[in-house]
Amino acid sequence: MHYTNTFMFLLALSFAYFAKALSGSYMKSTITQLERRFDIPSYLIGVIDGSFEIGNLLVIAFVSYFGAKLHRPKIIAVGCVLMSIGTFIIALPHFIIGRYEFETSVRRDQNSSFNPAPCRVDSSVDRTQAGKVPHVPAAGCEGESNLFMWIYVLLGNVLRGIGETPVQPLGISYIDDFASEENAALYVGCVQTISVVGPVFGYLLGSLCAKIYVDIGFVKMETISITPADSRWVGAWWLGYLIAGVITLISAIPFWFLPRSLPVAGTRLSDKCTQEQTSFIKHSPSLKHKYPADEHTSFIEMAKDFIPTLKSLLTHPVYLIYLCVTVIQLNSLIGMVTYKPKYIEQHFRQSASKANFLMGVINIPAVALGMFSGGLLMKRLKLNIMGAARFAFSTSLIGYILSLFFFAMSCENAKVAGVTLPYDGLDEISYDQHSAVTSCYSGCFCSLSDWDPVCGENGITYVSPCLAGCTASSGSGKNTVFSNCSCVGVAGNFTASTGQCLHKDDCDNMFPYFLALSVITSFIISLGGTPGYMLLIRCIKPQLKSLALGFHALATRTLAGIPAPIYFGAIIDTTCLKWGQKRCGGLGACRIYNTTAYSHEKLEKSAKHHKSEVRLYSKA
């Protein structure tokens with residue numbers, strides 16, 4: 001009976017980990033979709049992503065401490081229900097906000113014979129400078145407050161964070177309390193592995209939804225002139241959240257039927273410590289009595305004991321060093337994981353769908369294999385606390401050295417006239433939209449704030465047909481061809497087609513090496529994940545396990561989970577070369593980045609975090 005209940009709890013906890021990991025990774029796979037749909041910069045996406053950790057921060061210390069003395073499985077069930085509700089709230093804005101509109105000069109109606117001229121000459125309109133249009137807010141701006149619907153996404157993510165709070169500290173401590181010592185590491189490794197398998201399906205779901213147009217079923221797809229590779233494309237981001245919400249709701253069901261506690265395994269005594277653990281565990285005179293999980297105690301008694309218990313935990317040197325290590329490590333990992341699909345999109349010019357697919361089928365399985373292998377090696381090699389610490393140090397050191405090779409893998413910027421390349425006759429490139437005027441389109445009435453790229457026959461991308469000097473167009477939708485483009489400058493053929501030019505030869509050659517190095521580095525770093533986690537559990541008194549795990553989660557979320565996506569996003573925003581324009585004025589989402597600066601800023605920040613982490617492990 002004991003084995004059956006333990007196994008059932010292990011299955012239920014694994015599925016809960018899978019559900020929360022799936023929805024969390026799906027959130028990260030949709031960051032570019034959310035940026036474009038709500039016209040917001042990367043740092044604000046970082047705030048939304050970090051709001052999950054804010055939800056955790058609000059309740060995790062109390063849930064970890066008081067929850068350990070209550071019915072842990074039922075508290076986990078309540079958390080899963082809250083996660084599900086939060087996920088549904090994230091999808092809510094799609095059903096409230098209007099249809100997605102993007103900048104385009106392309107005729108959408110195939111039945112219409114009217115083709116608007118991209119290069120318009122209108123002397124009746126004042127211009128701020130030659131060839132420039134003063135920005136005038138679009139009609140219907142009073143309804144533009146719909147763009148602030150991203151606040152629902154933020155609030156839903158906060159609720160997800162609150163619901164996720166009891167799953168890790170209460171679930172892991174429940175396993176460690178009632179499983180035999182030799183099986184505990186393997187069980188924890190299995191659960192941690194499942195938590196990494198969840199993102200595989202999360203990113204694959206993100207890849208699928210990114211291919212589907214956001215307003216599928218409400219618009220005729222033949223009238224859409226952009227493709228999933230276009231920086232204006234928005235996929236059906238809301239669909240994945242509905243699916244993830246249902247899965248999370250189902251994961252809550254088994255916990256309602258599990259017992260409050262289980263008989264302690266015969267090979268393990270929870271109130272005793274090994275000789276090695278005794279040298280690590282710091283005894284405190286204030287902790288003369290503790291309340292077992294199945295002992296009914298009053299709330300006042302537990303509250304009085306909270307401060308002395310917390311003080312005892314925070315004065316433990318090994319626990320503090322490990323806490324600092326994981327905070328530094330997670331700053332790097334969270335920033336990298338959050339923006340890695342976007343990095344692949346922008347730097348290697350892949351679609352959002354392909355970037356998410358590669359994350360799901362290549363990178364994440366390597367992490368899962370590494371975490372499972374770490375738990376298996378710890379059991380096979382029978383690593384003690386010191387052995388686990390040395391193992392985690394070695395994997396961190398090797399991972400840091402390998403990460404330095406990413407600096408050698410870079411691509412050239414996309415060739416965009418007036419942004420990354422000068423127009424003919426100009427000696428310098430200008431990143432200022434108000435100074436990119438040249439004679440080839442000076443007679444046109446062009447808006448410099450629009451992003452409607454076309455690919456000239458000369459292989460250079462132009463910001464819009466008007467800024468390419470095109471005076472005529474034919475066809476509709478994706479098949480539109482612009483002609484008489486004076487800026488293209490190819491003798492006898494001055495045409496341009498919709499979308500950016502695809503110059504991926506240098507990136508296509510470098511991309512496989514980037515993926516291979518990414519897989520190897522992820523595998524090696526994740527090898528130390530489970531031994532490091534077991535080090536955290538075994539270096540403290542058994543009665544403090546739930547609180548230690550909860551405070552560890554609290555610290556990492558406060559000092560890594562919340563700030564890392566924000567400052568990584570802010571750094572990425574500094575590399576933007578061309579910002580989109582909101583209909584009612586103001587900057588929207590970035591359309592094109594300086595990929596060289598993007599990669600260096602991101603990798604330098606990650607390498608510094610790895611270096612600090614290795615130093616702290618060596619001190620331990």
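The second largest pocket is lined by 29 residues, and A229, D230, R349, Q500 and L502 lie nearest its centre. This is a predicted model, in which local features need pLDDT of at least 70 and side-chain atom pairs count only at pLDDT 80 or more, while totals for chains, interfaces and linings use all residues. Residues are numbered from 1 along each chain as its sequence is written, and side-chain values use heavy atoms, with hydrogens and water left out.

A pocket here is found on a 1 Å grid over the protein atoms alone, as an open set of points where a 1.4 Å probe fits, with protein on both sides within 12 Å along at least five of seven lines; lining residues have an atom within 4 Å of a point. The second largest pocket holds about 620 Å³ of space, a volume being the space filled by probe spheres set on the points, which are joined across faces, edges and corners. Its lining takes two or more residues from each of α12 (317–347), α13 (352–380) and β7. The helices (H or I, at least four residues) and strands (E, at least two) are DSSP runs, numbered from the N terminus. Strand β7 gives the most to this lining, with three residues. By class, the lining has nine nonpolar, eleven polar and nine charged residues. Ala, Val, Leu, Ile, Met, Phe, Trp, Tyr, Cys and Pro count as nonpolar, Asp, Glu, Lys and Arg as charged, and the others, Gly among them, as polar.

The disulfides come next. A disulfide is a covalent bond between the sulfur atoms of two cysteines; in this model it is taken as a pair of cysteine sulfur atoms within 2.5 Å. A search of the whole structure finds three.

| Pair | S to S distance | Torsion about the S-S bond |
|---|---|---|
| C455 and C501 | 1.9 Å | about 105 degrees |
| C470 and C485 | 2.0 Å | about 100 degrees |
| C576 and C590 | 2.0 Å | 105 degrees |

The torsion of C455 and C501 makes their disulfide right-handed. C455 lies in strand β1 (residues 454–456) and C501 in the loop between β5 (496–498) and α15 (505–527), so this pair ties together parts 46 residues apart in sequence. Both cysteines, C455 and C501, are buried, where buried means under 20% relative accessible area, exposed over 50%, and partly exposed in between (1.4 Å probe, protein chains only).

The disulfide of C470 and C485 is also right-handed. C470 sits in the loop between β2 (461–462) and β3 (472–474), and C485 in the loop between β4 (481–483) and β5, so the parts tied together are 15 residues apart in sequence. C470 is buried at a relative accessible area of 0%, and C485 is buried at 0%.

The link of C576 and C590 is right-handed. C576 is in strand β6 (residues 576–581) and C590 in strand β7 (residues 587–593), 14 residues apart. C576 is buried, with a relative accessible area of 12%, and C590 is buried at 6%.

C80 is buried because its relative accessible area is 0%, whereas C324 is partly exposed at 39%.

L249 is in helix α8 (residues 237–251) and, at 42% relative accessibility, counts as partly exposed. L249 touches V81 and S84, not counting residues up to four places away in sequence; contact means heavy atoms within 4.5 Å. L249 and V81 are 168 residues apart in sequence and 5.5 Å apart in space, C-alpha to C-alpha.
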